[in-house]
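Visitor: I'd like to talk through the charged side chains here. Can you walk me through the pairs?

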Number of protein chains: 2
Amino acid sequence: MKRIKLIVAYEGTNYNGWQVQPNGITIEGVLNGCLTALCGEPVAVIGASRTDSGVHSLGNVAVFDTRCKIPPEKIAYALNQRLPQDIVIQDSREVPPDFHPRRCESRKTYEYKILNRRFPSPLARRDTYFCYRKINLEHMQQAAQYLVGEHDFKSFCSIHTQAETTIRTIYELTVAKEKDLITIHVCGNGFLYNMVRILAGTLVQVGIGEKKPEDMPFILAACDRAAAGPTAPAHGLTMVGIAFGKI
Amino acid sequence: MKRIKLIVAYEGTNYNGWQVQPNGITIEGVLNGCLTALCGEPVAVIGASRTDSGVHSLGNVAVFDTRCKIPPEKIAYALNQRLPQDIVIQDSREVPPDFHPRRCESRKTYEYKILNRRFPSPLARRDTYFCYRKINLEHMQQAAQYLVGEHDFKSFCSIHTQAETTIRTIYELTVAKEKDLITIHVCGNGFLYNMVRILAGTLVQVGIGEKKPEDMPFILAACDRAAAGPTAPAHGLTMVGIAFGKI
């Protein structure tokens, strides 16, 4: 029995998120089905980041156990033959049998992209959030700095969370603009339910002048979801990658 | 009667190209239908670049004549309400009644994008051509330089062309790489049928070592389609924009 780690890229548009659920097609469900067929035995993956419906990925991580004889590095190629075009394995390799992608220290990186121009772009519509309003980039950058570090992010968490603690550490949070594309880049040791989308929605409110950068410490201190901005739409969010402590 | 100029962006994936044809949905056909409904009179646009099936646009140009009372600048907003998500007007304004987008001097700019990495990216699959082979960027750049200027591009033209002359001028042809994305950027006074895709296919052949940069002068001189490389796939090509002499 080997444990195999996959790096999984996907366009989330046509999926009901990562996690298997009774209704609707999910990334996890499609992976399980294709791996079960490929390996000739029942396979169930364990995902690192259970992304929401509509969220994309360049580098989510999943592991599974198998007795199949395909060399671990070849599984990516064989699995991609069976997967639909909107899910593509980027790497496959063997890892220690006790490696669990949600039970070890990691740094997760997400990007939230905002297309800031007069009219939408048909070519960017699936993975950027369109905003025609004037956005003050410097204000967004100032606001972002208040959020870096270890904080109680309860204000930036869906009230539907089941997390034991709402304390998380953000290692890096930057806001950059190239032409008409604003990218929020965030790296942390973990993110609460909807946290990146609420961070993005709050930073956009700062950008359009509905909140001030200096409001951020008060929003954090409130520990109240109502203090932060709206949850930005899922399709602007992409899980970029995960770095694990030992793997 | 006013002549209105539109800047038209679209994702070409689901269209049989620009030009109205008996079978299949086209950009021109959808524009005509939506404009006819909006203006309350029969409308037929004249397009600047009749892009192939599957080719995208950030800035194609179309004009039409109308008696409707909507202020020219507002037509973009009103028309976007009726258009599908994969066609978005970027600008609308009145132009002189004799302005014809194919009968005046212009500089057209296209980009051909190649994703050069081990596995495809689900998020880039609709507007980049995926190539996993090792590509020598410098050789592509050297080859490109031979093509700049006024030449007979008969070798780089589909044999199905109806053009009177195959002489064209390329003002600029660059090949740049950022991370794993190679972009061929070309600006010229006009392009023959399939010309940009054949240029791209030939430059890729140089990149992967199947042709040499120094072969370019001989390929041009041959005036024979068979001398150049293959026609690169349509989905990697995007019409970027058009600058007119007087408008």
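Visitor: How far apart are the closest N and O atoms in the salt bridge of R126(B) with E11(B)?
Guide: Bear in mind that this is a predicted model. A salt bridge needs the nitrogen within 4 Å of the carboxyl oxygen. R126(B) and E11(B) do form one, with their closest N and O atoms at 3.9 Å.

Visitor: How many residues apart in sequence are the parts that R126(B) and E11(B) tie together?
Guide: R126(B) sits in the loop between β5 (106-116) and β6 (129-131) of chain B, while E11(B) is in the loop between β1 (2-10) and α1 (27-39) of chain B. The pair therefore ties together parts separated in sequence by 115 residues.

Visitor: Are R126(B) and E11(B) buried or exposed?
Guide: The cut-off for buried is under 20% relative accessible area. R126(B) falls in that class, and so does E11(B): buried.

Visitor: Which residue meets R197(B) in a salt bridge?
Guide: R197(B) belongs to helix α4 (residues 195-207) of chain B, and its partner is 145 residues away, in the loop between β2 (46-47) and β3 (56-66) of chain B. Both are buried. The N to O distance is 2.9 Å, and the partner is D52(B).

Visitor: R93(B) forms a salt bridge with D91(B); what is the relative accessible area of D91(B)?
Guide: The closest N and O atoms of this pair are 2.8 Å apart. R93(B) is partly exposed, because its relative accessible area is 42%. D91(B) counts as buried, because its value is 9%.

Visitor: How many salt bridges does a search of the whole structure find?
Guide: Some are linked in a network, with E11(A), R125(A), R126(A), E11(B), R125(B) and R126(B) as members. Over all chains, the search gives 20.

Definitions and conventions. Residues are numbered from 1 along each chain as its sequence is written. Chains are lettered from A and ligands numbered from 1 in the order in which they are written. This is a predicted model: local features need pLDDT of at least 70, side-chain atom pairs count only at pLDDT 80 or more; totals for chains, interfaces and linings use all residues. Side-chain values use heavy atoms; hydrogens and water are left out. A salt bridge is a side-chain nitrogen of Lys or Arg within 4 Å of a carboxyl oxygen of Asp or Glu. Helices (H or I, at least four residues) and strands (E, at least two) are DSSP runs, numbered from the N terminus. Buried means under 20% relative accessible area, exposed over 50%, partly exposed in between (1.4 Å probe, protein chains only).
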